[in-house]
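Thanks for coming. I will go through one structure today, starting with a piece of its fold and then turning to its pockets.

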Amino acid sequence: TSNGDSTEYRLFSPLNGPSAPHIIFAHEFVSTHDYLLNLSQHYASWGLKVATMNQIHSSLIDNDPIQDAENLILLSNQVFGGGDVIYAGYSAGGLRSLIASVFDTNTVAFFGLDVVDIDDLGQSYADELNIPIFGLAGEASSCNSQSNGISIYNDAENSKLLRVTEADHCDFQSPNSLLCTFLCENENNLFSPDQINLLIKNLSTAFFTWQTSINMDGELWW
């Protein structure tokens, strides 16, 4: 990493996958990339190359989104040799991915899953981007800082954000962590968790396959 430390990464690379931009996928605060496993495997099943990593500046004693963003770029360069990239992130990982999108001139799009901003840091970076900045958000709660990540999309030039009705913060990770479920899970009255999870999976996959030109039908979903 940028300060000489080491960390673990995973690469999801489909056999005979098409030539297309790859995805760097960042996890939430005080967590690991284990909770991006199912979504990453699903995206790879559509022909997308995906890399995740354990961020080392995303803890209670060391919270540095900019340092983590630089490490996400290092991951892209190390594993894929640079090239066109889509940065994506869940929760505070969305903030880190947004900053990486600004720093990396190879970025073609950004996608956020219930993004959490810190001191309007993401908002200050968002207006520097004219690439597609899309995302999904859940219902406002303390677990996503009352949806403060919405402001990122308000300031961006080419953005679109959809609210997933009745989705809580944990619905945007897969598999779910017990800690997130304990702290953030909400009761559902209209839609089942399975319906919500399927919608999140389908819309995010549609965006990635559209932006990589693997399946242009993805644009119709949006």
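**Fold and pockets**

Strand 6, helix 5 (residues 150-155) and strand 7 form a right-handed β-α-β unit; right-handed means that, with the strands pointing away from the viewer, the path from the first strand over the helix to the second runs clockwise. Helices (H or I, at least four residues) and strands (E, at least two) are DSSP runs, numbered from the N terminus.

This is a predicted model, where local features need pLDDT of at least 70 and side-chain atom pairs pLDDT 80 or more, while totals for chains, interfaces and linings use all residues. Residues are numbered from 1 along each chain as its sequence is written, and side-chain values use heavy atoms, without hydrogens and water.

Strand 6 (residues 133-137) and strand 7 (residues 159-163) run parallel, joined by five bridges; pairing takes at least two DSSP bridges. Ala 137 sits opposite Arg 163 of strand 7.

Now the pockets. A pocket is an open set of points on a 1 Å grid over the protein atoms alone, where a 1.4 Å probe fits, with protein on both sides within 12 Å along at least five of seven lines; lining residues have an atom within 4 Å of a point.

The largest pocket holds about 390 Å³ of space, a volume being the space filled by probe spheres set on the points. Its lining has 20 residues, with Glu 28, Phe 29, Ser 91, Cys 143 and His 169 nearest the centre. Helix 6 (residues 178-184) supplies the largest share, four residues.

The second largest pocket has about 160 Å³. Helix 2 (residues 65-80) gives the most to that lining, four residues.
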